[in-house]
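Hi everyone, thanks for coming. Let's have a look at this one together on the screen.

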Amino acid sequence: MAKEGNSISRTAMWILMGLLILGLGGFGIDGIVNGSQSRVARVGDKDVDVQTYFRAMQSALSTESQARGETVSMEQARAIGLDAAVLNRLVTERALDHEASELGISIGDENLRDQILTIPAFQGVDGSFDRDGYRYALQNSGLSEAAFENRLREETSRTILQGAVLTGVTMPDTYTRTLVNYVAETRDFSWARLDETDLDDTLAEPTEDELRSYYDENIDDFGLPETKRITFAVLRPSRVVDSIIIPTEELEREYEARSAQFNQPERRLVERLAFLDDAAADAAAAQLEVEGTTFEALVEERGLALADIDMGDVGRLELDAAGEAVFNAEVGDVVGPLQTGLGPALVRVNGILPAQNTSFESAEPLLRTNLAMDRARRLIASQAEDLEDILAGGSTIEDLANGSDMELGQIDWFPGVGDGIAAYPEFRSAAARLQADDFPSIIPLEDGAIFAMRLDEILAPRPSPYEESTEGVRANWEADRAEELLMVKANALLPELQSGKTFSGVSLEAVEEEDIDRSGFIAGTPPAFMSEVFSMDVGEVKVIESFGSVLVVQLNAINPASENEQAQQLRDQLSEQMDQTLARNLYTIFAQDAMLRAGQEIDFNTLEAVHANFH
């Protein structure tokens, strides 16, 4: 028998039981839970019953649907292997239950009783165990007391077994130090770029035959991905705004309602450094006047940043009693101590925003446009339901456009296309989900527009036609040709650099880099640049291609990982991660071994019957 001290913590048990009680909320599967169909699998002497699998599958479907933002069907779940993952998890758990039983691990009756007494779901209003509440809760969840208590025993025993496998697993320190040295080592190196301007002669103009030949030889560089050809109809507010008339009286009322926007008083950009009392504020002001300290230094002494005390732009009345002094100050002045809502404070003036007064005549065009666009959006929203009904009646996208203000369009869309209507995230999201058998519906856009779409065909991955790729073909040809010539020139410099000459000695303008680690990014270099640098020996010189240019690199020093606090933190972090990884791997191996030794039987007919209950 396991000792009481080995049981899982009371808090963990509450969480466990809370999940269990919520998961047992009265689900049923008619016609399955009877006779030989009461289980979907058997592991050793432990069953995975139908109800447990049903609830686990239902929970997995719900989680996947929330992650995708749409309902996931059972067919989709099976296509991604979700059902297999759920079954494997449950079978693994039962294999561990079987293993715990074989090892004689149990929490015992007394510990079991203590666990049940501490579960809030079974306590009355006075906090003590409620026998009737216990019985009622189990009846609602479809479990007998014996079944529930047996499940609790198994859950706890499995947790004890898992803890025994996972606890105390540590990776050798040498492994961690090797990783830290690999990650934290740095390099010092010099590098220079040779580009088209360094060529002795300008590139010759390519002939049409050369470009076509280059296109044919590198056709994979000019491919288009799988593409959806989509017909759509869209109604934008700008389409109907010109037909909307806004009376002058309404514009005048809107101008009055927004007078604060068009007629703003003088304002100040200020920072406010508040103190606990007058003495502290006076001492800070004295430091500014007598000791020559700075406002920034005072802020830093308080453990604050300037962003913490920035009030932005404020009016005179917003500063209460401090308003007059602040508004009489010049830009850069620090005034105070002044009494503010946060107590005595020093206030620095960073800018003066003059008063703004916009007449009705000047504001009228903006008001007219805003009101008309608002009304256009409302008009479109009111038409959306009628247009949806037209589609539901069997009308096509073309019919919709012909019978309304909607504009008809077509787009060849794939992820990455973001022009035109594809600039809307709602359109891109809908296009990604669109299937050939989807029925067109009205979908709103963020600016008040609406659209409907239809998938006409799916174009397989294919080369982009030469006529549509001429700019890219020419650019790639010129880059490749320049690289060829520059590589010849750079390689001619290598013997001199390797013999000890400096970059300036061979007329190269070098950039010096120091203490750059593997994850460092050097602007203007290709993605594999740092990998190339870290493969070099001290003193080695390399020439690296960089799309239309070449980089000459010389490694100056290899710096071992530092023994500072940051390196120690990295070592501790990696050590913890490696320990956890090793523990998880050991646990996985142990669980798989337990499953193999226990043996398993899967009832596929019952599984299919359970799956049929999901629609």
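Before that, some housekeeping. This is a predicted model, so local features need pLDDT of at least 70 and side-chain atom pairs count only at pLDDT 80 or more, while totals for chains, interfaces and linings use all residues. Residues are numbered from 1 along each chain as its sequence is written, and side-chain values use heavy atoms, with hydrogens and water left out.

Helices (H or I, at least four residues) and strands (E, at least two) are DSSP runs, numbered from the N terminus. Strand β1, residues 39-43, pairs with β2 in the antiparallel sense over four bridges; to pair, two strands need at least two DSSP bridges between them. Arg42 sits opposite Asp47 in β2. Two residues lie between the strands, and Gly44 has a positive phi near 60°.

Next, the open sheet: four strands in the order β12-β5-β14-β13, with antiparallel pairing. β12 and β13 are at the edges with a single partner strand each, so one side of each has no neighbour in the sheet. β5 and β12 are joined by seven bridges, and Val234 stands opposite Glu407 in β12. Helix α17, residues 360-392, packs on this sheet and touches β5 and β14.

Helix α19, residues 425-433, has Phe427, Ala430 and Ala431 as its buried residues. They are on the same side of α19, because they cover an arc of only 100° around the axis; that arc is taken from the directions from the helix axis to the C-beta atoms. These buried residues pack against β5, β12, β13 and β14, where contact means heavy atoms within 4.5 Å.

Last stop, the helix pair. At what angle do α9 and α20 pack? About 90°, with their axes 10 Å apart. That makes α9 roughly perpendicular to α20, a label for angles of 65 to 115 degrees. Axes here are lines fitted to C-alpha atoms over the stretch in contact, and angles run from 0 to 180 degrees between N-to-C directions. Among the contact residues are Tyr214 of α9 and Trp477 of α20.

Terms used
Buried means under 20% relative accessible area, exposed over 50%, partly exposed in between (1.4 Å probe, protein chains only). Angles under 35 degrees count as roughly parallel, over 145 as roughly antiparallel, 65 to 115 as roughly perpendicular and the rest as oblique.
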